[in-house]
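The following paragraphs go through salt bridges and a helix contact in turn. Please have the sequence and the coordinates at hand.

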Amino acid sequence: MLYFYFGQEEFNIEIELNKLRSKIVDKSFLATNYKVYNNPSAPELVEILRTPPLMFGKILVVVNCEKYFLESAKGRSNFDEADLKALEEALQDVSDLLTVVFVCKIDRDSSKKIDSRRKIYKVFSKYCQTKEFAEFKAYQKEYCTYVQKMARQKDLILSPDVAAFLIERLGTNLRIVDSELEKLKLLIYPEKTVKKENIKNICSESEDIFLLADYILHGKRDLALNEYRKLCAEKHYLEILAVLQTSFSKLLAIKIESANSAPIEIAAKLKMPEFLVKKRITDMKNVSATRLIEIRKNLLTAEARIKTGEIGFYDLPVELAILS
């Protein structure tokens with residue numbers, strides 16, 4: 001069997017590879033019957049495909065081949081007409097005992113794409129079972145359903161709103177989500193139903209910086225200052241400032257875009273979940289764009305004062321920005 005896997009979601013690619021390995025390779029011969037090659041040259045690849053299995057049982061071969069397809073890959077491999085002809089002949093005559101998976105992992109959050117114009121892509125598509133593993137976007141409704149499925153596989157129950165809350169904190173990196181779900185499973189045992197409170201206490205990706213941003217947004221200065229000082233016990237003040245700047249940049253963008261665009265369009269543009277965009281629009285119903293611009297200006301002023309040493313009391317510029 002021949003497979004061609006490509007895409008940004010390397011976590012799901014690894015899951016598929018593990019499934020194939022468990023299904024095909026005898027554990028007793030794992031060291032000899034499971035092989036991984038990284039971007040072999042054309043002659044080396046043909047030799048891999050033509051070499052008859054000499055060991056006991058079936059063999060699984062994984063060929064990492066990003067240099068065959070990605071324009072930006074360093075040391076990109078080129079196949080001439082003779083190479084492609086030899087490769088096609090080898091693919092037609094692969095042993096029944098040999099399973100080969102060609103894998104092209106693409107960097108997350110990148111604009112890189114498979115070069116489907118290349119003849120080698122057409123050859124792989126002709127002889128391999130091809131599957132793309134695209135990276136989920138936070139605004140996709142399917143992503144929330146997928147996270148719930150991941151939870152069920154760990155014998156956990158996530159309601160849609162709790163799954164959405166988890167996504168808001170952790171984003172779309174499935175490896176991080178899987179790790180945090182595993183942590184939740186251990187720490188809420190014997191309970192199975194995950195609550196928002198569990199996520200807030202256990203999943204540490206964003207902590208309570210967003211609560212601080214909410215206090216600032218609505219002018220609750222005392223609460224904001226108190227929350228900021230609590231956060232400083234866990235995080236560096238520059239890290240908190242950076243997250244606040246990013247948060248208010250997005251809030252300002254949402255406020256401006258919401259005048260002429262639907263939430264789903266804003267979500268796609270800003271790479272945010274649609275439900276979160278809707279929530280932010282509601283939160284900012286009585287907040288003007290002018291106020292958001294002023295908050296951003298205060299945060300930028302705090303950063304400048306820290307960098308220039310204008311105020312020599314460490315995080316005092318951040319506190320002044322919050323009180324402003």
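Arginine 280 and aspartate 283 both sit in helix α15, three residues apart, which is about one turn of the helix. Helices here are DSSP runs of H or I with at least four residues, numbered from the N terminus. The model is a predicted one, in which local features need pLDDT of at least 70 and side-chain atom pairs count only at pLDDT 80 or more, while totals for chains, interfaces and linings use all residues. Residues are numbered from 1 along each chain as its sequence is written, and side-chain values use heavy atoms, with hydrogens and water left out.

The side chains of arginine 280 and aspartate 283 meet in a salt bridge, at 3.7 Å from N to O. A salt bridge is a side-chain nitrogen of Lys or Arg within 4 Å of a carboxyl oxygen of Asp or Glu. Aspartate 283 also forms a salt bridge with lysine 279, where the closest N and O atoms are 3.3 Å apart. Lysine 279 and aspartate 283 are four residues apart in helix α15 (residues 274-283), so about one helical turn separates them.

Arginine 280 is buried, with a relative accessible area of 15%. Buried means under 20% relative accessible area, exposed over 50%, and partly exposed in between, for a 1.4 Å probe and protein chains only. Aspartate 283 is partly exposed at 23%, and lysine 279 is partly exposed at 42%.

The structure holds 13 salt bridges. One of them pairs lysine 196 with aspartate 161, the closest N and O atoms being 4.0 Å apart. Lysine 196 belongs to helix α10 (residues 196-202) and aspartate 161 to helix α8 (residues 160-170), so this pair ties together parts that are 35 residues apart in sequence. Lysine 196 is partly exposed at 39%, and aspartate 161 is partly exposed at 44%. Elsewhere, Lys154, Asp178 and Glu182 are linked in a network of salt bridges.

Next comes the helix contact. The axes of helix α13 (residues 237-257) and helix α14 (residues 263-270) come within 10 Å and cross at roughly 145 degrees. Axes are lines fitted to C-alpha atoms, for helices over the stretch in contact, with angles from 0 to 180 degrees between N-to-C directions. On the α13 side, Lys250, Ala253, Ile254 and Glu257 make the contact, and on the α14 side Ile266, Lys269 and Leu270, where contact means heavy atoms within 4.5 Å.

Conventions:
Helix = DSSP H or I, 4+ residues; strand = E, 2+ residues; numbered from the N terminus.
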